[in-house]
Amino acid sequence: MQKVFDDVNALDKRCVDLFGLSEDLLMEHAAASMMQYIHGKFSSNEKVLIVCGSGNNGADGIALARLLYSQYDVSMLMPYHVKSAMAKLQYKRAKLLGVKIIESLSELALEHTPDVIVDCLFGSGLNRDLDNESQRLITRINSWPGHKIACDIPSGINKQGKVTTVGFCANITITMGALKTQLYSDVAKDYTGDIIVSDLGVHRSIYETTTNTYLLDPFDMQLPLRTKQNSHKGSFGHLSVIVGNKTGAGIIAAEAAFAFGAGLVTVITDENVNIPFHIMRQHTLPEKCTAIAIGMGLGQFIKAEIEQILDIDIPKVVDADLFHDEIILTVLNHENVVLTPHPKEFCSLLKLIKLAEITVAELQNNRFKYVRLFAINYPKTVLLLKGANSLITYNNIIYINPLGSNILSKGGSGDVLTGLISALLAQRYSVINATITASLAHAMSAKTYTKNNYALTPMDIIEGVKGL
């Protein structure tokens, strides 16, 4: 996993103060990293347009233009006057060299479409809505078919990861020094493209300091592969899935859990439901149950029965309908509990625990803020907030799973996730390792799906997990 930071200004300053790396030198490394990417992907003489703002993000772009000059047909679009000291210095250097400078969109209209477009308008410190001119400019360059590169962060994404008007739609974002949380808002996912980190004169291990936010990758997944030969079905746990009024949700979760290594899976229901032959059914919890999945498709329930189940001291995943009832308060801050709400359910939970009364839109614009608020108040409880970039928190640490996709936006996919997490809990994973591994497996299964992205079913996710 990689470190993620809310703000890297202090990290830049540390490089200047401790390692003697000047602002100019940091900027040269930023420009050189973009140059290396372009060299590796595009042949010389291709047309490169660098769109530069008036501050230091624009200065990065001006430095890049100088480095590319004579190897590529490079132009700088500079709709604003340079303002920062570094932008003025880089502009002077580029002008002395003879880099082509275009000052307005109307002048650009005479040019043919570039092969590469580099966005260096606004950096990670954007704290205002874009003016009409900037909106028109970004909309125009978004319409061109060239390969689009964002310098540090796509213009239009502000400090909180919001896009209030328009944003630059990049194929790749080359972010400087370290990863930033604003790159991993759900909204940002439609703008960043792939994200890579550029070193700024020292290796990331030196540039970065401590953080409580981490980006997950597939190598963090610890699949329940079996190594012990002398075993039996009980060696791999016994999961109980509480099946409610909407029986399909619980059965999907049970199927997913069985496919992800649980030795035994029993659905708990008073109804005579159709279940696969390898899934068991009974009315009460098995004596040797090692984990519980509850909430998905529960519908109306008898409170005393649910309270009794929630009070049992074994690992459990709580999902869906229970986030709308005060009964959820009985498990908060318990160890060995995983909560898996989607945004609407998390808003309901925040209201029940009196931390915030917000809309889904407000949550989505401030996902890190409200997940951190929950984590501070309930550090022992694992929370997985579903989304384009799922957020997992435990012990005041946030883990970002960036691997999810719109393929998973289908009914039943959340029930599969509940089944995967609870299967690992049944196999005696810790709550945080079970949640991280299951979340990654869930996302990676969708990534390996080869049919049309609208066609995924819960059973396809389960089949994909089997092949990881």
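How do the residues of the lining of the second largest pocket divide into nonpolar, polar and charged? They come to 12 nonpolar, 15 polar and 13 charged. For this count, Ala, Val, Leu, Ile, Met, Phe, Trp, Tyr, Cys and Pro are nonpolar, Asp, Glu, Lys and Arg are charged, and the others, Gly among them, are polar.

## Ground rules

What you're looking at is a predicted model, where local features need pLDDT of at least 70, side-chain atom pairs count only at pLDDT 80 or more, and totals for chains, interfaces and linings use all residues. Numbering starts from 1 along each chain as its sequence is written, and side-chain values use heavy atoms, with hydrogens and water left out.

## The second largest pocket

Its volume is about 990 Å³. Of the 40 residues that line the second largest pocket, Asn9, Gly123, Ser124, Gly125 and Asp152 are the closest to its centre. Helices here are DSSP runs of H or I with at least four residues, strands are runs of E with at least two, and both are numbered from the N terminus.

Rolling a probe the size of a water molecule over the atoms shows where empty space is left. In practice, a pocket is an open set of points on a 1 Å grid over the protein atoms alone, where a 1.4 Å probe fits, with protein on both sides within 12 Å along at least five of seven lines; lining residues have an atom within 4 Å of a point. Points are joined across faces, edges and corners, and the volume is the space filled by probe spheres set on them.

## Cysteines

A disulfide is a covalent bond between the sulfur atoms of two cysteines. With the cut-off of cysteine sulfur atoms within 2.5 Å, the count is 0 disulfides. For Cys15, the nearest cysteine sulfur is that of Cys151, 16 Å away. Cys52 has its closest cysteine sulfur in Cys120, but 5.4 Å is too far for a bond.

Cys15 is buried, at a relative accessible area of 0%, and Cys52 is buried too, at 0%. Buried means under 20% relative accessible area, exposed over 50%, and partly exposed in between (1.4 Å probe, protein chains only).

## The seven-strand sheet

An open sheet of 7 strands runs in the order E4-E3-E2-E5-E6-E7-E9, with parallel pairing; strands pair if DSSP finds at least two bridges between them. E4 (100-102) and E9 (194-198) sit at the edges with a single partner strand each, so one side of each has no neighbour in the sheet. Inside the sheet, E2 (residues 47-52) and E3 (residues 73-77) run parallel and are joined by 5 bridges, with Lys47 opposite Asp73 in E3.

E18 (residues 390-394) is mostly covered, with 4 of its 5 residues buried. On one pairing, E17 (residues 382-385) meets E18 antiparallel through 3 bridges; Leu385 has Leu391 as its bridge partner. These two strands form a hairpin with 4 residues between them.

E18 also pairs antiparallel with E19 (residues 397-401), over 5 bridges, and Ile392 faces Tyr399 across that pairing. The E18 and E19 hairpin has 2 residues between its strands, and Asn395 takes a positive phi near 55°.

## A loop residue

Val187 belongs to the loop between strand E8 (179-180) and helix H7 (189-192). At 27% relative accessibility, Val187 is partly exposed. Its C-alpha lies 24 Å from that of Asp319, a residue 132 positions away along the chain.
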